[in-house]
Amino acid sequence: MRKVALITGITGQDGAYLAEYLIKKGYTVHGIKRRSSMFNTERIDHLYQDPHIENRSLILHYGDLTDSLNLTRIIGETQPDEIYNLAAMSHVKVSFDTPEYTANADALGVLRILEAVRLLNLAHKTRIYQASTSELYGLVQEVPQKETTPFYPRSPYAVAKLYGYWITVNYREAYGMHASNGILFNHESPLRGETFVTRKVTRAVSRIALGMQNKVYMGNLSAKRDWGHAKDYVRAMYAILQQDEPSDYVIATGITTTIRDFIRMSFDEIGVGIEFQGEGVQETARLTGIDEKRFTHKVGNEYIETFRKRIGEEVVGVDPNYFRPSEVDLLIGDATKARTRLGWEPKYSLNALIEDMMYNDLKLMKKDFYLKKEGYTILNYFE
Ligand code: NAP
Ligand code: G4F
């Protein structure tokens, strides 16, 4: 018998990698996707199977974390061995603009799933993974952060996730459910949403290298994050649900880096040097030089001539609109429990993550670049 998994948020970064990982392990994967006015399955299109095929390994259902009836029906129909609750309004800055919706989806959504499993008498069959977050530590009370570090959330997103964390613990203790939290630190990839800081940077650096963009405006350059690769992190989600006993785990690399250094490292990946100067909203970064061999190898010979003329130009600025009403300044995780109990180790270093993201964004941006050169209108219809 194939094991059955249900993934909420299957169209997101982690959902896509996890679906692929579980299908390779022989699972039948059910995924919940939201109705949208355009296709929203780009990240999992390579896994899609025609509904007329028998014994499909990927089956998608329309649904939403704010709709209890829908969630209860899908869980009842699919009878999953494992539920991975990855769906969420996951953008911290946007949660300040949509706090009520964020609470509905990210806090009550978790309760809806736990309660559906209980009411359907699946409490002893279905294991549940809740996508908790290092944002719970917010104004950090200890460095590095581990499972016993007190929480101090700093955004509507983090406060909603705090409820999700505790209701998962509560259902485990009250009803003996195999329900666990993965307290995951930031994890990125070529599939990362374009408005998270790492992807915003690798896209912008690629466009600047190709001559498609002059400058990128950022928010707080001094914030520090513990960044890993999403491919490593979905292995941890799976491992958590394979344990005999449910529990909560920090998943992190143990290395923290400023946004400023992430930008520097992304330019360096293609052989470009930059230098930051000034402070606060006045801070900027200029191009200082190119390693031509590296640039040619990574970006392409045809772009070097134009790029050489740009040395000295400003390529990074600060726009206070990207600041958050309350910020999380420093995150760095201690994943000793995951290492010892799950045998989990990240395979990707930060340099390898940046290389993967830059390679993919350069490839994507080049496609746009050539389409534009050939006269196609892309991105903005009314430009
Ligand atoms: P993501 O790329 O933003 O994906 C979020 C997914 O949730 C998407 O599939 C989205 O659907 C779906 N979704 C949003 N609101 C929903 C709703 N009301 N009902 C049903 N589905 C909804 O996020 P991710 O980076 O993969 O993260 C996965 C989970 O881990 C999230 O819960 C996030 O909060 C948490 N987390 C992420 C990180 C990280 O660094 N990536 C770290 C810790 C925790 P659409 O595609 O239709 O938008
Ligand atoms: O990439 P970010 O938007 O991620 P953030 O806020 O850390 O949240 C992500 O990781 C959490 C885990 O800790 C997840 F729970 C959450 O779902 C999400 O995946 O911002 C990272 C840092 C922040 O300090 C932000 O202020 O980068 C800083 N930053 C500086 N300039 C910027 C920018 N962030 C964004 N998004 N855009 C900027 O221009």
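In this predicted model, an N or O atom in the side chain of Thr11 lies 2.6 Å from an oxygen atom of ligand 1. A polar backbone atom of Asp14 is 2.8 Å from an oxygen atom of the ligand, and a nitrogen atom of ligand 1 is 3.1 Å from an N or O atom in the side chain of Arg192. Ligand 1 taken alone exposes 900 Å², of which the protein buries 89%.

The shell that provides this cover comprises 25 residues around ligand 1, and Thr11, Arg34, Ser90, Tyr101 and Tyr157 come nearest. By class, 10 of the shell residues are nonpolar, 10 are polar and five are charged. Two or more residues each come from helix H1 (13-24), helix H4 (99-119), strand E5 and helix H5. Strand E5 gives the most, with three residues.

Spanning residues 127-133, E5 runs parallel to strand E6 and is joined to E6 by six bridges. Within this pairing, Gln130 stands opposite Asn181 of E6.

How many of the residues of E6 are buried? Strand E6, residues 179-184, is mostly covered, with six of its six residues buried. The cover extends to both faces: Ala179, Asn181 and Ile183 on one side are buried, as are Ser180, Gly182 and Leu184 on the other. Asn181, the residue opposite Gln130, is therefore one of the buried residues of E6, where buried denotes under 20% relative accessible area. E6 has a further parallel partner in strand E11 (residues 249-251), to which three bridges join E6. Here Ile183 has Val250 of E11 as its bridge partner.

Ligand 2 is surrounded by 24 residues, the closest being Thr133, Ser134, Tyr157, Arg324 and Glu327. Tyr157 is also listed among the residues that come nearest to ligand 1. An N or O atom in the Tyr157 side chain is 2.8 Å from an oxygen atom of ligand 2. For Arg324, an N or O atom in the side chain is 2.5 Å from an oxygen atom of ligand 2, while a polar side-chain atom of Glu327 lies 2.6 Å from an oxygen atom of the ligand. On its own, ligand 2 has 710 Å² of accessible area, and the protein covers 96% of that area. The shell around ligand 2 has 10 nonpolar, eight polar and six charged residues.

There remains strand E15, residues 314-318. This strand is mostly covered, four of its five residues being buried. In which sense does E15 pair with each of its partners, parallel or antiparallel? Strand E8 (residues 216-218) runs parallel to E15, with three bridges joining the two, and Tyr217 stands opposite Gly317 in E15. Strand E14 (residues 284-290), by contrast, pairs with E15 in the antiparallel sense over two bridges. In this pairing Ala285 stands opposite Val316 of E15.

Key:
Residues are numbered from 1 along each chain as its sequence is written. Chains are lettered from A and ligands numbered from 1 in the order in which they are written. This is a predicted model: local features need pLDDT of at least 70, side-chain atom pairs count only at pLDDT 80 or more; totals for chains, interfaces and linings use all residues. Side-chain values use heavy atoms; hydrogens and water are left out. Buried means under 20% relative accessible area, exposed over 50%, partly exposed in between (1.4 Å probe, protein chains only). Two strands pair if DSSP finds at least two bridges between them. A residue is near a molecule or strand if one of its heavy atoms lies within 4 Å of it. A polar contact is a pair of N or O atoms within 3.5 Å; within protein, one must be able to donate a hydrogen and the other to accept it, and residues adjacent in sequence count only if both atoms are side-chain atoms. Accessible areas come from the Shrake-Rupley method with a 1.4 Å probe; for residues, only the protein chains shown count as cover. Ala, Val, Leu, Ile, Met, Phe, Trp, Tyr, Cys and Pro count as nonpolar, Asp, Glu, Lys and Arg as charged, and the others, Gly among them, as polar.
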